[in-house]
Amino acid sequence: MAPSPAGSPGTLYLVPGPLDFGCAAQAPLDEVLPAGTLRTAARLTHWICENAKTTRAYLKRVDALHPLAAPLQAQSLQELPRAVHKKGDHGGGFDARPLLAPALAGHDIGLVSEAGMPAIADPGSSVVRAAHELGIPVLPLVGPVSLLLALAASGLNGQNFAFVGYLPQDPAERADRIRALEALASRSGQSQLFIETPYRNAAVLQALLATLQPTTRLAVSHGLTLAAGRTRSATVQAWRRQPQADAPDNATPAVFAIGR
């Protein structure tokens, strides 16, 4: 695609992806992403991403609906460093300005993550901050955000909520964290949302059922936007009676939420 007028920076587009990354099934792309988002993605030729291989796979799906402005082999893909994937970049410390050199030269750039909206429960906020610092316009495109879909389907408080990331892996520390989040939710009414690597889904659910009070409401969403996607929202007491009803497997991304 042609660069912006001379002296004018390109735009950083936040390009959402489908929520089926790592899942056995895929959702039809045109059913989970608006046509406008797909058209914009198709015309971009410069990208900042988590993984070049999975981004090419995503762009191949886009190309089947809206022909790409340049072949996959000609797309410019820059990967965020592995340390950013592992530790995140939400707290600062990573200088993403060099990745935005094409935008300063007038090219529009797409920022994309493995699933959902980049910089929301995924890396990318350092790139967005750097764009603002450099005077590069930032434009988020419309697409699925698993946290908001899960919250909407939970019946929990959607006026006051917090996403708290991942729970500790150590069982004792995890139990302490669950109790603290439950106390906050009970005291303030603020819904508490968190996620986990899919292969720990069963362990997290087991810890929640063992630690939470019977009257606390627990909502679990998994496979969102897929045909087999489910949300179950019930008291812990009800979950304990049927712990496997609509429980997530250890291969599908899930969002957990607690509240009153």
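1. Basis of the note. The model is predicted, and for that reason local features are given at a pLDDT of at least 70 and side-chain atom pairs at pLDDT 80 or more, while totals for chains, interfaces and linings use all residues. Residues are numbered from 1 along each chain as its sequence is written, and side-chain values use heavy atoms, with hydrogens and water left out. Helices (H or I, at least four residues) and strands (E, at least two) are DSSP runs, numbered from the N terminus.

2. The largest pocket. A pocket is taken on a 1 Å grid over the protein atoms alone, as an open set of points with protein on both sides within 12 Å along at least five of seven lines, and lining residues have an atom within 4 Å of a point. The volume of the largest pocket is about 1,200 Å³, a volume being the space filled by probe spheres set on grid points that are joined across faces, edges and corners. Its lining has 37 residues, and Ala-121, Asp-122, Tyr-166, Ile-195 and Thr-197 are those nearest the centre. Two or more lining residues come from each of helix H4 (82–87), H7, strand S6 (161–166), S8 and S10, with H4 giving the most, 5 residues. By class the lining has 18 nonpolar, 12 polar and 7 charged residues, where Ala, Val, Leu, Ile, Met, Phe, Trp, Tyr, Cys and Pro count as nonpolar, Asp, Glu, Lys and Arg as charged, and the others, Gly among them, as polar.

3. The second largest pocket. This pocket holds about 220 Å³ of space and is lined by 14 residues, of which Phe-21, Thr-54, Tyr-58, Arg-61 and Glu-114 are the closest to its centre. H3 supplies the largest share of the lining, 5 residues, and the lining as a whole divides into 5 nonpolar, 6 polar and 3 charged residues.

4. The cavity. A search of the whole structure for cavities (sets of points where a 1.4 Å probe fits but cannot get out) finds 1 of 30 Å³ or more. Its lining consists of Ala-150, Leu-151, Ser-154, Leu-193, Ala-219, Val-220, Ser-221, Val-255, Phe-256 and Ala-257, and helix H7 (146–154), strand S8 (217–222) and strand S10 (254–259) each give two or more residues to it. The class division is 8 nonpolar, 2 polar and no charged.

5. The nonpolar cores. A nonpolar core is a set of buried Ala, Val, Leu, Ile, Met, Phe, Trp, Tyr and Cys residues joined through side-chain atoms within 4.5 Å, and buried means under 20% relative accessible area, exposed over 50% and partly exposed in between (1.4 Å probe, protein chains only). In the largest core, of 22 residues, the members that touch the most others are Val-15, Leu-29, Leu-33, Trp-47, Tyr-58 and Val-62. Helix H1 (29–32), helix H2 (35–43), strand S2 (46–49) and helix H3 (52–63) each give two or more residues to this core, and H3 gives the most, 4 residues. Beyond its neighbours within four places in sequence, Leu-29 is in contact (heavy atoms within 4.5 Å) with Pro-18, Leu-38, Tyr-58, Arg-61, Val-62 and Leu-65. A second, separate core has 20 residues, including Leu-208, Leu-209, Ala-247 and Ala-254.

6. Helix H6. In this helix, residues 125–133, the buried residues are Ser-125, Ser-126, Val-127, Val-128, Ala-130 and Ala-131. Their cover includes strand S1 (12–14), S2, strand S4 (109–112) and strand S5 (138–140). Gly-135, which follows H6, has a positive phi, near 75 degrees.

7. Thr-211 lies in helix H9 (residues 201–211) and is buried, with a relative accessible area of 14%. Its side chain reaches the backbone oxygen of Ala-207 at 2.7 Å, and, neighbours within four places in sequence aside, Thr-211 is in contact with Ala-175, Ile-178, Arg-179 and Glu-182. Ala-183, in helix H8 (residues 171–188), is partly exposed at 38% relative accessible area; its C-alpha atom is separated by 10.0 Å from that of Thr-216, 33 residues apart along the chain.

8. Gln-159. This residue is placed in the loop between H7 and S6 and counts as exposed, at 77% relative accessibility. Gln-159 and Gln-190 are 31 residues apart in sequence, and 8.1 Å apart from C-alpha to C-alpha.

Notes. A polar contact is a pair of N or O atoms within 3.5 Å; within protein, one must be able to donate a hydrogen and the other to accept it, and residues adjacent in sequence count only if both atoms are side-chain atoms.
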